[in-house]
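Please read it alongside the sequence and the structure shown here.

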Amino acid sequence: MSASVETTCPYCGVGCGVTARVSPAQKITVSGSGAHPANAGRLCVKGTHLPGITTPGGRLSQPQINGKDTTWDTATTHIAEQFAHTIDRYGPDSIAFYLSGQLLTEDYYVANKLMKGFIGSANVDTNSRLCMASAVAAHKRAFGEDVVPCSYADLESCDLLVLAGSNAAWTHPVLYQRIVTAKKTRAIKIVVIDPRTTSTTDIADLHLALKPGSDIALFNGLLTYLVENAYRDDAFVQNHTEGCSQAIHRSTSLADTCDLTGLDRADLLSFFKLFGDTRQTVTLYSQGINQSARGTDKANAIINCHLLTGRIGHPGQGPFSITGQPNAMGGREVGGMANQLAAHMDFVPEHIDRVQRFWQAPRMARAPGLKAVELFDAVLDNRIKAIWIMGTNPAVSLPDNKQVRAALEKCRFVVVSDCMAQTDTTGFADVLLPAQGWGEKDGTVTNSERCISRQRRLIKPLGNARADWAIICDVAGKMGYGANFAYQHPAEIFAEHAALSGFENNGERLFDISSLAELSHQQYNNLAPTYWPGHRPFADKHFCTPSGKARFVSTTAIPAPSPRSPEHPFLVNSGRVRDQWHTMSRTGQVPNLFQHTPLPTLHIHPEDAANLGVESGNLINVENNTGNLRLLAEVTSATPPGNLFVPIHWNRQFAYKATVSRIFPSVVDPVSGQPATKTAAAACQRVAVKQWVRLARFGHFDPNDLNNLRGIQFWARIPMDLAVNGGGLYEFALDQTSPLLAHLPGEDLVTYVGSQGAQRYLGRCDNKAQWLAFAGPDRCRLPPLSHLADQLTGQAPDWQKLALTNNTGCDQSAMVCSCFEVRTTTLRRHIAQGLTTAAALGKRLGCGTNCGSCLPEINQLVAQQTGHRPQQAEVLIHEG
């Protein structure tokens with residue numbers, strides 16, 4: 001009989017509860033937790049496939065020094081000695097930690113404590129800097145503390161939802177389904193602000209496709225309209241805010257707003273009036289706002305509109321920043337960023353003294369440290385001599401990829417803790433430490449609505465993998481701080497963290513979970529989802545500023561110099577795809593999650609494609625002064641003319657020159673330090689390809705071999721089912737005859753050369769097919785990769801595998817529903833047969849009835865084929 005355990009999903013900031021069942025053989029099955037307030041039984045496609053990331057494939061199981069296995073004692077002793085030597089010779093600021101929103105709160109807490117209180121430097125930052133630092137800075141400027149003033153329930157009780165810079169249908173799909181349900185049951189109005197047409201615009205009553213980067217102008221224009229049309233809540237503004245007149249003085253006229261945003265006057269007035277007339281308004285914003293050189297000002301421009309109308313601290317009202325990672329909020333709580341102390345305290349003398357006394361810290365950091373981008377700049381110029389990277393992949397995610405890689409290559413001592421053996425970052429490690437992954441960890445996370453949830457151990461850790469907090473404590477002990485890091489259980493760390501939040505607080509800060517400081521181990525193990533500070537911050541209209549009043553922040557909507565130029569005429573927009581996560585180190589192990597978007601693509605508008613002579617499937621080079629990308633074209637009107645869209649996930653482990661950070665320069669918001677990785681200017685052109693190759697094989701190529709292969713223009717890998725020995729599907733573009741076949745195993749090669757340059761190859765070892773490849777100058781004439789996999793793993797004789805023709809009847813159309821493997825062709829056929837609603841299609845095919853992520857695409861197909869757009873987005877989710 002399988003045991004049932006309540007835990008939390010490790011992906012996005014929604015923080016869904018997961019009911020996991022573990023068999024005696026340690027096999028895991030999952031479903032959405034009906035008891036968790038975040039998701040009430042729902043899971044997205046990534047959450048549904050969580051068991052796929054608990055397998056041994058690709059995992060790191062043993063500590064390594066210089067690429068050779070070693071013991072934990074040897075590894076942590078070496079780290080402690082190297083750190084101590086570096087500090088003695090160069091001072092504490094020569095050491096840095098770079099953390100992750102994938103860490104549990106307990107991991108974050110001890111890392112921050114060791115660095116800021118015992119090593120004595122604040123050079124500890126996190127990859128959360130890349131996604132929500134601007135929202136944090138805006139909260140602190142407006143409210144005096146980093147407090148998100150809304151909860152998910154507000155999305156269901158509002159009458160108007162404004163989605164700014166968020167494609168929630170793909171990035172936060174379970175939350176999106178809650179929004180869809182609210183629209184269906186309560187007929188809430190939805191405005192989507194996004195330069196692109198996305199799956200989220202499927203439910204929009206109004207889509208404002210503004211010029212990229214013009215959000216300040218839009219919300220300053222809204223502020224002007226609200227003032228001029230008497231929507232100001234005078235009592236709230238006078239009694240509970242300050243700085244209003246200065247903010248209004250810098251607001252934007254309607255004419256200027258039209259000019260700066262590129263939006264139609266009528267659409268602007270429709271939005272402004274709708275906002276003004278609707279008291280119950282929530283503005284939900286995400287990376288389209290934050291990842292900008294003026295992200296903090298953008299967030300404050302949004303907050304200003306809510307302060308002016310008094311729409312904060314009430315149900316269904318407020319500005320709501322949605323985070324991207326499962327524990328970005330927990331990292332903020334423990335001070336995991338370089339400019340913060342623990343428990344929402346700052347680098348001011350009173351707070352420094354308080355934290356030092358609480359920790360009994362011998363060497364307390366006295367000033368903020370280096371934020372993520374400048375931290376790696378300091379690695380490059382040798383100010384930082386040693387760095388410990390935990391649970392993140394900066395060689396992919398940070399801007400100016402070439403410079404970050406050069407910094408890690410140059411650094412004297414690099415430690416990496418990760419659950420995966422091979423990422424773009426682990427290759428730079430002098431010491432590589434096996435951390436526990438999801439299903440092995442035990443601790444807490446805090447989601448976007450300030451809900452603390454338990455992530456519980458389900459299975460025995462792989463090999464010698466250890467908890468991050470235990471690794472950190474081991475190193476701390478060997479540096480001489482063992483008495484202060486003698487934790488034996490994560491409950492003890494959580495209790496200390498909770499106690500610090502209330503230490504000499506006296507109501508100064510809303511973050512106070514000291515009521516949880518006395519939890520026993522058993523109570524900690526059984527801890528139910530818990531909110532701080534309750535569900536309604538600022539309900540008493542008291543804010544965390546010295547005056548107790550919220551602060552308007554003046555933001556000027558000046559036309560920013562366009563990054564475009566005659567040499568770089570396109571504006572590149574980056575973002576997520578539906579079924580992948582960050583840099584794919586975990587989702588990249590799950591074949592099903594490649595079905596929706598199997599290869600790295602570039603979205604380009606039909607007008608631009610025609611001008612460049614580009615068709616879907618062509619190889620495209622995107623280039624600017626920072627670097628270049630190679631991607632496959634997807635011609636679509638969803639991307640505006642003059643704009644391109646590229647996914648953030650692919651990297652050197654999965655593709656050649658598809659790492660988006662190759663073209664983003666290191667430009668940061670001057671307030672938050674968050675890099676502007678949402679847009680960059682670039683040139684774009686088609687690449688002539690002499691030969692395309694599609695290949696299925698058992699085992700994998702070494703990515704370094706492929707990246708250095710003569711004649712390579714592009715390659716990408718899709719994992720095959722782990723049941724077939726971790727095989728891979730590959731696509732190659734070559735500019736000349738390549739020695740590709742020399743890198744393939746096999747003692748027997750069977751070759752077939754057909755007409756029009758088509759070639760087919762099959763490699764055998766011990767009379768068994770090991771790989772199958774089809775090559776030719778025309779990509780469209782090659783069989784789909786999925787069919788090659790079926791042929792290779794099937795039981796047909798080898799001659800039949802090679803006899804594969806294009807006329808096989810296999811469906812090459814796009815995958816729409818990854819949960820039930822329903823493709824576009826199947827949907828179109830059933831729509832033509834009269835199934836013209838998502839509900840009818842779901843009943844027949846199953847599509848849209850599990851996670852619901854595909855519902856916008858199903859509705860779009862119905863609209864395209866019938867000419868009829870559904871009146872309401874449909875909700876088909878089976879809960880529980």
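Which residues does threonine 281 touch, not counting residues up to four places away in sequence? Threonine 281 touches Leu160, Val162, Phe275, His306, Arg311, Gly316, Gln317 and Gly318, where contact means heavy atoms within 4.5 Å. The residue lies in strand S12 (residues 281–285); strands (E, at least two residues) and helices (H or I, at least four) are DSSP runs, numbered from the N terminus. Threonine 281 counts as buried because its relative accessibility is 0%, buried being under 20% relative accessible area, exposed over 50% and partly exposed in between, with a 1.4 Å probe and protein chains only.

This is a predicted model, in which local features need pLDDT of at least 70 and side-chain atom pairs count only at pLDDT 80 or more, while totals for chains, interfaces and linings use all residues. Residues are numbered from 1 along each chain as its sequence is written, and side-chain values use heavy atoms, with hydrogens and water left out.

**Nonpolar cores**

A nonpolar core is a set of buried Ala, Val, Leu, Ile, Met, Phe, Trp, Tyr and Cys residues joined through side-chain atoms within 4.5 Å. The largest such core has 109 residues, of which Phe83, Phe97, Ile193, Leu218, Phe219, Phe271 and Trp388 touch the most other members. Helix H20 (residues 468–481) gives the most to this core, contributing nine residues. Another core, of 100 residues, lies apart from it and has Leu161, Leu175, Ala182 and Leu458 among its members. Phenylalanine 83, leaving aside its neighbours within four places in sequence, is in contact with Ile95, Phe97, Ala386, Trp388, Phe413, Val415 and Met479.

**Sheet and hairpin**

Seven strands form an open sheet with mixed pairing, in the order S5-S4-S16-S15-S14-S6-S7; two strands pair if DSSP finds at least two bridges between them. Strand S5 (68–69) and S7 stand at the edges with a single partner strand each, so one side of each is left without a neighbour in the sheet. Within the sheet, strand S4 (residues 64–65) and strand S16 (residues 431–434) run antiparallel and are joined by two bridges, with valine 431 in S16 as the bridge partner of isoleucine 65.

Strand S17 (residues 443–446) and strand S18 (residues 451–455) pair in the antiparallel sense over four bridges, and in S18 isoleucine 452 is the bridge partner of threonine 446. The two strands S17 and S18 form a hairpin with four residues between them, and in the turn arginine 450 has a positive phi of about 65°. In a regular strand the side chains alternate between the two faces of the sheet. In S17, Gly443 and Val445 point one way and Thr444 and Thr446 the other way, and all are buried.

The structure holds seven cavities of 30 Å³ or more. On a 1 Å grid over the protein atoms alone, a cavity is a set of points where a 1.4 Å probe fits but cannot get out, and lining residues have an atom within 4 Å of a point. Grid points are joined across faces, edges and corners, and a volume is the space filled by probe spheres set on the points. In the lining classes, Ala, Val, Leu, Ile, Met, Phe, Trp, Tyr, Cys and Pro count as nonpolar, Asp, Glu, Lys and Arg as charged, and the others, Gly among them, as polar.

| Cavity | Volume | Lining by class |
|---|---|---|
| Largest cavity | about 100 Å³ | nine nonpolar, one polar and one charged residues |
| Second largest cavity | about 70 Å³ | six nonpolar, two polar and two charged residues |

The lining of the largest cavity includes Cys9, Cys12, Cys16 and Cys44, together with Lys46. Helix H17 (372–380) and helix H19 (401–410) each supply at least two residues of the lining of the second largest cavity, and Ser666 is also one of the residues that line the second largest cavity.

In H17, the residues Ala372, Val373, Leu375, Phe376, Ala378 and Val379 are buried, and what covers the buried residues of H17 includes strand S6 (95–99), strand S7 (124–126), strand S14 (386–390), helix H18 (394–397) and H19. Just after H17, asparagine 382 takes a positive phi of about 75°.

**Two further positions**

Serine 501, placed in helix H21 (residues 490–502), counts as buried because its relative accessibility is 0%. Proline 797, found in the loop between helix H25 (785–793) and helix H26 (798–802), counts as partly exposed because its relative accessibility is 38%.

Notes. 1 Å grid on protein atoms, 1.4 Å probe; cavity = no way out; pocket = protein on both sides within 12 Å on 5 of 7 lines; lining within 4 Å.
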